[in-house]
Amino acid sequence: MCGIVGYFGKEPVEDILIKKLKLLEYRGYDSAGIAVKNSTSLKVTKAVGEISNLKAKVKPLNSAYLGIGHTRWATHGKPITTNAHPHLSTDKCWAVVHNGIIENYEILREDLIDKGHHFLSHTDTEVIAKLLEQTFANLPGDDSCDKYLTALVNTCNALDGSFALGVINKKADCVLFAKNNSPLYVAVNNGEFMMASDPTCFIGFSQSYFALCDGDFGMMTKSCLTFCDKNLNKIEKTPVELNLVYSGDTNDFNHFMLKEIYDSRRVIDNIIELYSKKETLSGFTKETFKRITNIKIIGCGSSYNAAVIGAKMMQERLGIDCSAYVASEFRYSPPTFGKNTMAIFVSQSGETADVLAALNLAKARGALTVSVVNVEHSALSKSTDLTMPLKAGMEIAVASTKAYVGAVVVLYVLALKFDSLIRKTGFDLQQLSTLKDLLQIEKEPEYQPIARLLSKADKLMMLGRGYDYYTALEACIKIVGTSYTSATPYFAGELKHGPLALVSKGTYVIAFATDNDILTKTLANAEETAARGAKLILCTPIELPKEQASRFVHIIKVNKIDGPLQTVLNIIPWQIIAYYMSLYKGNNPDRPRNLAKSVTVE
Ligand code: AGP
């Protein structure tokens, strides 16, 4: 949610900011803006929509050498130019970009209005700019960069909430920054300095970077980079090697979403390669797991949908109590858990605010924490006792596809590992190679007519039992999130207890029936909807008798694999269908309206 960038150096600052904002666009894309400065002026440019709109508007400021930029996902106030960042102080000297939420902004705003400040936007961020002006005016001493930094620290000490901030002042030769509960990184390259919400921005700029911790502040000046804490004590930080591969090209695909669906095979390969090495899971010992009597798996959205599969497979395999939780519920309505719990956090970004808050709770309760995470430099990955990377590579489309596959597969690996430790079973990843060979991504042309059909529907109902219900959960989130068609998953057995009332002539009902043991039950439920006028689509690996098959408008015949990995084979067609539904409805599958890739606010 929101991407921020800052630069102090020798290159044309507007070019750098725009280029880096483009890389951060996945974090929010409703509006964007930059503020740049030369020795006499500060210039702000903002535009609604994507970075390309901002780029078209920017007219370089002569000899500008520092600046800040922002790409927005609106939290407070509509996505209009006035609400786009940077925001200015009343004297128009301070410019601020912000990622996060200031919870006490209303009180601060009222107070600042009483003191004569004028607000132009509906954002929480604007109070920071006004407060900086106010705080700075009350500080004694000469107007040095240190004084500007002091103003930032004192201002932030008055803020409640989360923030990653980039700040400049018309009269100061520095870029200031602060972090609390929103990601922020800084890098140096031979007299140039850069800060960004994602270290990906530093690829091609520096070989290493500094990861800011909550409560860190700092500034970039012409000659140096300084870090300090909230008491203005200087702190030393150790650089981290920048070990990232940029995969921001769609290659021959029209969109990242489709490209990333095709990447799934490589993700499985990467997982096999990593987890086949003995040392990868060396932290997962018998001793570590000895105290564990229950497992809680926590995530949001698609990561939660992977978590439910993980919980079921672990429960079945290990015979201990395993359940999955939506992170926002877990943090406010936690189950009974403690030191005997293994709390597994699933996240593509590793930045999701509710997941991080749930992690803090689990740590406070003494649980053994494990992250199953794609972004290896993320706060989540760095903060758990043990971490298991997804190795999916950069996932750029907002709709998670390959990372979801990666999460299910890594949870499967963890279940195998756990089992091998407690029951001394073998740890054999052979089934993953089989899985990879059975993926049917190339059947894409076969799924397109189904997508075309469903793109005309008002609503879709999806049915399943057990793992099939979990696939329905994920298929629905993909379809809703990319095509904006209402799609709801139901436990097949629950239909008669209410949802059946929704079925009318022409309602599309999609049944997942991939488990032979319960096939007839689910098919019977589907038939009940057909009897009320529903048009049926079936997803199954099982060959139906001709007569029975004729009752379905389409049958998606998936390959068969034993056990929970069937869910991976089942979801691929629906990722592709969601992609094409989005296209047929004229949407951008990579950038669904109202959403963002990284959800750093509650
Ligand atoms: C779905 O396609 C989404 N991208 C979304 O549900 C996502 O899985 C969720 O926001 C959690 O994000 P995370 O995996 O980065 O924590």
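**Aromatic pairs and charges over rings**

The structure holds 19 aromatic pairs. This is a predicted model in which local features need pLDDT of at least 70 and side-chain atom pairs count only at pLDDT 80 or more, while totals for chains, interfaces and linings use all residues. Residues are numbered from 1 along each chain as its sequence is written, and side-chain values use heavy atoms, with hydrogens and water left out.

Student: Why is the pair of F136 and Y148 called stacked?

Tutor: Rings of Phe, Tyr and Trp (its six-membered ring) pair if their centres lie within 6.5 Å, and planes under 30 degrees apart count as stacked, over 60 as edge-to-face and the rest as tilted. The centres of F136 and Y148 are 4.3 Å apart and their planes stand at 20°, so the pair is stacked. F136 belongs to helix α4 (residues 126–137) and Y148 to helix α5 (residues 145–157), 12 residues apart.

Student: What makes Y469 buried?

Tutor: Buried means under 20% relative accessible area, exposed over 50%, and partly exposed in between (1.4 Å probe, protein chains only). Y469 has a relative accessible area of 12%, so Y469 is buried.

Student: What makes K312 lie over the face of Y467?

Tutor: A charge sits over a ring if NZ of Lys or CZ of Arg is within 6 Å of the ring centre and within 35 degrees of the ring normal. K312 lies over the face of Y467 at 4.9 Å from the ring centre, and Y467 forms one aromatic cluster with Y469, Y470 and F491.

Key: Helices (H or I, at least four residues) and strands (E, at least two) are DSSP runs, numbered from the N terminus.
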